[in-house]
Amino acid sequence: GEEGCWTWIGAGFASGYGQFKTGSSVTGTKRNHTVHRWAYEQFTGVIPAGLTLDHLCRHPWCVNPLHLEAVPHVVNIRRGKLATATHCKRGHPFAGPNLLTKNGCRRCRICLNKANGDWNRRNNWSAQRAWKARQRQAAQR
């Protein structure tokens with residue numbers, strides 16, 4: 001019906017959004033289309049520049065144009081799953097000083113600090129050079 005989700009049962013991306021291809025690989029005009037964008041443009045009209053489609057039903061495989069709304073990207077992010085999450089994927093609470101927000105995105109300070117620390121340890125070139133110098137000195141003794 002018009003009120004319920006229209007379930008796309010064809011091919012899709014790992015993220016759950018449906019896709020289909022048009023064109024020919026022989027002529028080099030092959031192109032991927034996301035089904036919900038195609039459905040919106042067929043039944044509602046052109047998606048205004050600078051806007052993205054938000055699934056009001058929260059189902060990425062739904063292609064019902066009544067469930068799609070063209071909104072700015074930051075609004076789409078704020079309405080998303082992470083906007084209402086109380087904890088990050090590693091279980092740290094999104095609260096107080098642990099919650100970082102930027103452009104509508106919410107990040108976990110503990111996970112971000114750990115990722116930065118891991119990156120610094122992996123890419124600390126001066127420490128690696130010092131370690132190699134110590135190894136060469138030990139080998140010379």
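**Pocket lining and aromatic pairs**

The lining of the second largest pocket consists of seven nonpolar, one polar and four charged residues, where Ala, Val, Leu, Ile, Met, Phe, Trp, Tyr, Cys and Pro count as nonpolar, Asp, Glu, Lys and Arg as charged, and the others, Gly among them, as polar. The model is predicted, so local features need pLDDT of at least 70 and side-chain atom pairs pLDDT 80 or more, while totals for chains, interfaces and linings use all residues. Residues are numbered from 1 along each chain, and side-chain values use heavy atoms, without hydrogens and water.

The second largest pocket has a volume of about 260 Å³. A pocket is an open set of points on a 1 Å grid where a 1.4 Å probe fits, with protein on both sides within 12 Å along at least five of seven lines; lining residues have an atom within 4 Å of a point. Of its 12 lining residues, Cys 88, Lys 89, Arg 90, Phe 94 and Cys 108 are the closest to the centre. Strand S6 (105-108) and helix H4 (109-122) each give two or more residues to this lining.

Two aromatic pairs were counted, with ring centres within 6.5 Å and planes over 60 degrees apart taken as edge-to-face. Trp 6 and Phe 43 form an edge-to-face pair, at 5.8 Å centre to centre and 80° between the planes. Trp 6 precedes strand S1 (19-22) and Phe 43 lies in helix H1 (residues 35-43), so this pair ties together parts 37 residues apart in sequence. Phe 43 is exposed (over 50% relative accessible area), at 55%.

Conventions
Phe/Tyr/Trp six-rings, centres within 6.5 Å; stacked < 30°, edge-to-face > 60°. Helix = DSSP H or I, 4+ residues; strand = E, 2+ residues; numbered from the N terminus. Buried < 20%, exposed > 50% of the residue type's maximum accessible area, 1.4 Å probe, protein only. Points joined across faces, edges and corners; volume = space filled by probe spheres on them.
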